[in-house]
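User: I am new to this structure and would like to go through its side-chain contacts. Please take them one at a time.

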Amino acid sequence: MPSTFQELTPQNFSYNSPLGWCPACQGLGVERGTGQSAIISNPNLSLNQRAVSFWPDPKTNRLFARMLQALTTTIGVDADRPWYQLTPLQQRAILYGSEQEISVPSDPETKQPGFRFVHKGIYPTIDEATRVSYTHRALFQDLVGERPCSVCGGDRMRDDAAAVRLNDTTLPQLCRLPLTETLEFLKGIKLSKEQKKVAGDLLSEAIHRLEFLVEVGLHYLTLDRSMPTLSGGESQRIRLAGQIGRALTGVLYVLDEPTIGLHPRDNGRLIGALHRLRDLGNTVVLVEHDREVLEAADRLYDFGPGSGRNGGRVTAEGTPTEILAMPEQSLTGAYLSGAKAIPVPETRRLVRRDSTATPAVKETGKKTPKSKSLFNEPDPVSGKALAAAPGVGAVSEPAASTLPLTDMRSLYDIPPGGSWIELTGARQNNLRQDELHIPTGAFTVVTGLSGSGKSSLIMETLARAVARKLTRSGEAPGPHDDLRGTSKLNKVILVDQSPLGTTPASNPATYTGVWEPIRDLFTRLPEAKIRGFKPARFSFNRPGGRCDDCEGMGQKKIEMHFLPDVWVECTTCRGKRFNQETLTVQYKDHSIADVLNLSIGQALELFGNIPKIRAPLATLAAIGLDYLTLGQSAATLSGGEAQRVKLAAELARPNNGQTLYILDEPTTGLHFDDISKLMKVLMSLVEQGNTVVVIEHNLDVIKTADWVIDLGPEAGVDGGWIVAEGTPEDIVEQAAYYQGRMEEEAQGQGARAKGKKGSQSSPSLTQSSLVTFTPTAWSEARRETYLSQTKRPVPIRSWTGELLTPIIENETRGEIEIFRAEEAAKKQSGDIDLRHVGKDTAAPWQTDGRAWHTRDRISHTGKPCRWEGPALELVIDALAQRDELAPVNWNHRSVVEVMSTEKAGGWFLHAQTGDEWLLTLKFRVKKGTFDEAALQKQLPLKPLDQLDELPVYGRGDRVKVKNIKGPFQEVTITVHWAREIDTPAFQKFLASAVNSYRQQSTAAALVVGDLAPWKVLGRKWHLSRKGFPSAKRVDWDAETLDQLFTLIESIAKDSTTEWGGKQTVTWTRPGESKPAIEVHTKRRTSIDLELYAPAGTFGLGQIATLGETREVDTARDGRQAIRIGLVAASQVSDTDLKKFLKQIWPV
């Protein structure tokens, strides 16, 4: 039946309009589902080679092999052909299936009968499974995400508009091209005279706007790129291009860091665009830190002299030349003039195997010496020496066996961390399946033009792949072949510039963890002890000590309809966050609120003699954050400040040096001096043995790296290659090699033009007419020819190497300052132990306990107790007449204890005196002595609800009897007035209770097993189902634990085994006092196997496949603690677990 189409209007070509968008995805181009990259593990594999990652392996699963053969035969697919070579229709048949029945013939070898099945398709099967089964939904959760819309295929537009072609190109196809190619396409359109009348102005305007976008360095973007995926700098440059296109005059333009995300190569384009705006008669104001932009400005205003409370003044103003002449007055001028600088490191952490290849820098401040280039060997094709770029300093030539170069790692010893992280076959977005090599225990910078593939390689592939390998969870990484070298890693941490939190409750003190020891210090002060304050009292996140009106925020949020919420100071606490009772506790005349208002520098002075508090504060101060306020709201911190706080928290906590830190453009918004402080933190993390990987364009950061990976050579489709790798010196040499290669080709081209025609028999490299290189211009045949003739990677231009050349050649060498947090934490002269604070002052219950508990007592809330003190005196005086009881122990703030003179049966009475309205008396007697109903009748105490005189409520009984573990019964009586127990009935109860307790405490046949059955039963106790913290179901079988015991005993044969623990069993080596193996047997969720080894011995990557859960941490004694949770017998019988145990306990 013929189709009819309506006449299309401009709105029909817009995916932002209901008239033009795809009705299924409403113009988004994506839908929720399973993406092909998550299903097809490697498009270079065939179906027989498991191109579909979660299908069984046909080589090992005979039944599936039969089904796959029948399926491919029926739908006409070659099962041995790589996936990417299958036609779209064949791929669709696999992914979406059909209703056709597929017959599987019988198997003559196994004599299995034939059968039929319907292949519904991978996508429909996953969707159906996730709808009907929670188990399958959890299984496939990592495969589900955004995928191209199944209706429009990601085109976003209605089908008829998407089919309209201009020069054989549809609008969606045009929108997917990089802006440079889109511009070339539009410029290539030739309009007739009549067509120009209709579309001439539209075409000129489109070309005009695209030229501006390319001019400001956005040539790698595509028109269909969504705005949320753009960086702040890219968004600003798009708006800037729009303003340039309007050609307005008399406008004030204010831009904040427009160079964010821009490679130094493209700075000239941006500066040219800004100058054009200025030349049109506009005023352009920039907040900027980039050196090249500052030098191109007409006038500079330098704010300072410091940051935060130490800044806010204009310290210098003038032209760039004038600012350069004021290095003492202007911090910016000092860096621009060279009076201050981030030095090029004297040595790199990666050591060359040939010692003569190390740059010979004898003294700090000396320039890099020139020497023979790594790439100056004779060319295998022409036989001539390749010329280096003019002025390029190089490292010495390595041994001849290292040439020709195929892998820069071959020049270096094993990295400080002991291995290389290797990622192969990465192909996310524009990546070209190059091998990524990152040295562990070193500082690596990944650089390249904007859009060259850095984030795709590091953030979307490497970071996710490492996280998934270590934890077996997280987002699915970009497609790649393999990841190796992670065995020494324990975790991967991404440190960005996002806020520490979104409310005033988040601040530097809580994030770095220094708030915990500060609260602990206040808890130990005498005034806090008297009032019974615990650490929670000094928390603004918990009720009790905080201001109830603002809930510890110090501010109240006023919700504004249609406007952002507004925070105003709390009128009750005046921003102090705490109530008056809490503020009465002071340390050196500072309340807890005063401490929050101190700057980090002031707090360091106040707590400078307490190591546990000093260490994190000293770390923050050392990296230039001493001006921040401890309690400063996280929302008021800049991105750079927030990032440094995060890094300081990592630096201050105990570190075993096995963490991979990844940062994406951390210098965004940072001044030269801030970058210097940032480098101090990053280098300090590396010095602890960690691996730091930074995506960065800033040359001051790149020059300090131990290893550089440069992506390019261009952006978008012209990027995705690793064009150079090595130390910064190596990158400079590789850039020089490329330039020399191009000079040779240019010279060869000129010679061939003047001489005779060369042979046409083979595509030799010397016959090329190529002068400038781009990946699209260098054909695959030419690439293969080059590889076969030179046996080294194709030379590709490294813009970073070229820009780095004058820096490596001319800048002075030095050492970047390192801060060692462990030194700040060490005990120094005059230090005091936090645990000893307040111990030199006797508490009132220690000097006169009777007076404290009966007269001067203060409740746990800090208020005076209201129950009658004579009530306690009545009970204590009656018991003091019994000779079988020991003297009363008053030496506790809120508990008075009475026990037997023999001390065999534990305590008899605990009188709890810390409640404001009630005294609680707890008696321990022989099990079965009292009946609760009879005792309540004997002691008729009314429920609290019936006591109108007291402002407390409760329907519960005030006399309770409960049998507890062991041979005891516990009687609990709550009292307010002395008259309630000043009765003959209570005296009778008291006498009976004492007699019962005496019988039990002096009984010779006291059964130890009733009190501690684990000491008697040993192994049987741990295998039993008793002793778990709750009555809920245990998730593992006793047979699994027994199997684990047997495994450990077979390995640790010479050990001392301790079965007498209530919840743990330990194995200790001969001659040692601390256990090497510990098993927690009374945890419901899993059997926890804890193994101890010297610090830094193992990484989480080495145990990533063992057990149900895994963790590597530092034990209190400094050893490494490896925790493996086991729930199934198959996990215990895993041969890898046995091998690992043998590493812990070598035979």
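**Side-chain contacts**

Analyst: By the rule applied here, the count comes to 60 salt bridges. The model is a predicted one.

User: Which part of the chain holds Arg62, the salt-bridge partner of Asp107?

Analyst: The side chains of Asp107 and Arg62 meet in a salt bridge, at 2.6 Å from N to O. The pair links distant parts of the chain, 45 residues apart: Asp107 is in the loop between β2 (101–104) and β3 (115–118), and Arg62 is in helix α2 (residues 62–75).

User: Is Asp107 buried or exposed?

Analyst: Buried means under 20% relative accessible area. Asp107 has a relative accessibility of 5%, so Asp107 counts as buried.

User: What is the distance between the closest N and O atoms of Asp266 and Arg265?

Analyst: Both Asp266 and Arg265 are buried. They form a salt bridge, and the closest N and O atoms are apart by 3.0 Å.

User: How many residues apart in sequence are the parts that Arg349 and Glu687 tie together?

Analyst: Arg349 and Glu687 form a salt bridge, with 3.1 Å between the closest N and O atoms. Arg349 lies in the loop between β11 (344–345) and β12 (420–424), while Glu687 lies in helix α24 (residues 672–687), so the parts tied together are apart in sequence by 338 residues.

User: Which residues are linked with Arg291 in a network of salt bridges?

Analyst: Some salt bridges join into a network. Linked with Arg291 in this network are Asp700, Lys703 and Glu811.

User: How many aromatic pairs are found, and what kind is the pair of Trp55 and Phe64?

Analyst: A search of the whole structure finds 23 aromatic pairs. The ring centres of Trp55 and Phe64 are 5.5 Å apart and the planes are at 65°. Planes over 60 degrees apart count as edge-to-face, so the pair of Trp55 and Phe64 is edge-to-face.

User: Are Trp55 and Phe64 buried or exposed?

Analyst: The relative accessibility of Trp55 is 14%, so Trp55 counts as buried. Phe64 has a relative accessible area of 13%, and Phe64 is also buried.

User: Which residues form one aromatic cluster with Tyr997?

Analyst: One aromatic cluster includes Tyr997.

User: How far from the centre of the Trp1145 ring is the charged end of Arg1069?

Analyst: The charged end of Arg924 sits over the ring of Trp907, 4.6 Å from its centre. Arg1069 has its charged end over the ring of Trp1145, and the distance from the ring centre is 5.1 Å.

Notes:
Residues numbered from 1 in each chain as written. Predicted model: local features only at pLDDT ≥ 70, side-chain atom pairs only at ≥ 80, totals over all residues. Heavy atoms only, no water. Phe/Tyr/Trp six-rings, centres within 6.5 Å; stacked < 30°, edge-to-face > 60°. Buried < 20%, exposed > 50% of the residue type's maximum accessible area, 1.4 Å probe, protein only. Lys NZ or Arg CZ within 6 Å of the ring centre and 35° of its normal. Salt bridge = Lys/Arg side-chain N within 4 Å of Asp/Glu carboxyl O. Helix = DSSP H or I, 4+ residues; strand = E, 2+ residues; numbered from the N terminus.
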